Amino acid sequence: VILLGCSCTYGVGVDDSETIAEQLEALCGRQVVNLGLGGTSNQFMAFVLSKLYNRFESPYAVVANYTTVDRNLYFHEQDIFHLGPWSQKEKRPMTDKTLYPVRQKDLYFNSFYNPTNATMQTRAYSDTIKALCKDRSKLLNISFFEDAAHAVRADECFEIDNQARDCQHPGRNIYKKVAEWINERV
């Protein structure tokens, strides 16, 4: 079982044993691979899943845990950048000595000043993930964020209880609830 998502999937602020992945693995008896990564986007999930299907056998199930719609991925000649609300404050160029100097702040505002654009981008990434999983893997779409849950027509939207150590991410009890929910469907 593959888990895709941001820091809410990765398990920021909880012990490794309390993450969705660890709890789900204990419940379902299948290997669970946590591909959640802090600060990433729904676009990054589709990108990672396409790479996974190109290199490995299809997983039994994929759980796409969508993050907020105001995040995106920017491919630069020197690196990949993850854009999100934090990018609004970035005033310096993302890279030095480049043919294409760009400020994260500019990219962020150009992508997300229109909420329809952000929502439809997320919907497009969701459609890509569905197409990749079709006839290969069982797919569950979940989110902790109402904007994303609405955009992708998620199977379930969970509430962030802010019980992680940083008081901003889901805590172990919500992760347990999510793991149990997933286990009932895989």
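A residue counts as buried when its relative accessible area is under 20%, as exposed when that area is over 50%, and as partly exposed in between, using a 1.4 Å probe and protein chains only. By that rule Ser126 is buried, because its relative accessible area is 0%. The structure is a predicted model, in which local features need pLDDT of at least 70 and side-chain atom pairs count only at pLDDT 80 or more, while totals for chains, interfaces and linings use all residues. Residues are numbered from 1 along each chain as its sequence is written, and side-chain values use heavy atoms, with hydrogens and water left out.

**The chain as a whole**

- The protein chain holds 7 helices and 7 strands, where helices (H or I, at least four residues) and strands (E, at least two) are DSSP runs numbered from the N terminus.
- Read from the N terminus, the order of these elements is β-α-α-β-α-β-β-β-α-α-β-α-β-α.
- The radius of gyration of the protein chain is 17 Å, which agrees with the value near 16 Å that a compact globule of 186 residues would have; this radius is taken over C-alpha atoms, and the globule rule is 2.2 Å times the number of residues to the power 0.38.
- The C-alpha trace of the protein chain spans about 50 × 40 × 30 Å along its principal axes, and 49% of the 186 residues count as buried.
- Among the contacts in the protein chain with a separation of 6 or more, 64% join residues 24 or more positions apart, contact meaning heavy atoms within 4.5 Å.

- Thr122 has its place in helix H5 (residues 115-133), and it counts as buried because its relative accessibility is 1%.
- Leaving out residues up to four places away in sequence, Thr122 touches Asn42, Tyr66, Val69, Ala151 and Val152.
- Ser126 also lies in helix H5, and, with residues up to four places away in sequence again not counted, Ser126 touches Tyr66 and Val152.
- Ala124, found in helix H5, counts as partly exposed because its relative accessibility is 36%.
- Although Ala124 and Gln43 are 81 residues apart along the chain, their C-alpha atoms are separated by 8.8 Å.

**How H3 packs with H5**

- Two packed helices are described by the angle between their axes and the distance between the axes.
- The axes of helix H3 (residues 42-55) and H5 come within 9 Å and cross at roughly 20°, which makes H3 roughly parallel to H5.
- Such axes are lines fitted to C-alpha atoms, for helices over the stretch in contact, with angles running from 0 to 180 degrees between N-to-C directions; angles under 35 degrees count as roughly parallel, over 145 as roughly antiparallel, 65 to 115 as roughly perpendicular, and the rest as oblique.
- The contact is made by Asn42, Gln43, Met45, Ala46, Leu49, Ser50 and Tyr53 of H3 together with Thr122, Tyr125, Thr128, Ile129, Leu132 and Cys133 of H5.

**How H2 packs with H7**

- The axes of helix H2 (residues 20-28) and helix H7 (residues 172-185) come within 8 Å and cross at roughly 40°, which makes H2 oblique to H7.
- On the H2 side the contact is made by Ile20, Gln23, Leu24, Leu27 and Cys28, while the residues of H7 that take part include Arg172, Tyr175 and Lys176.
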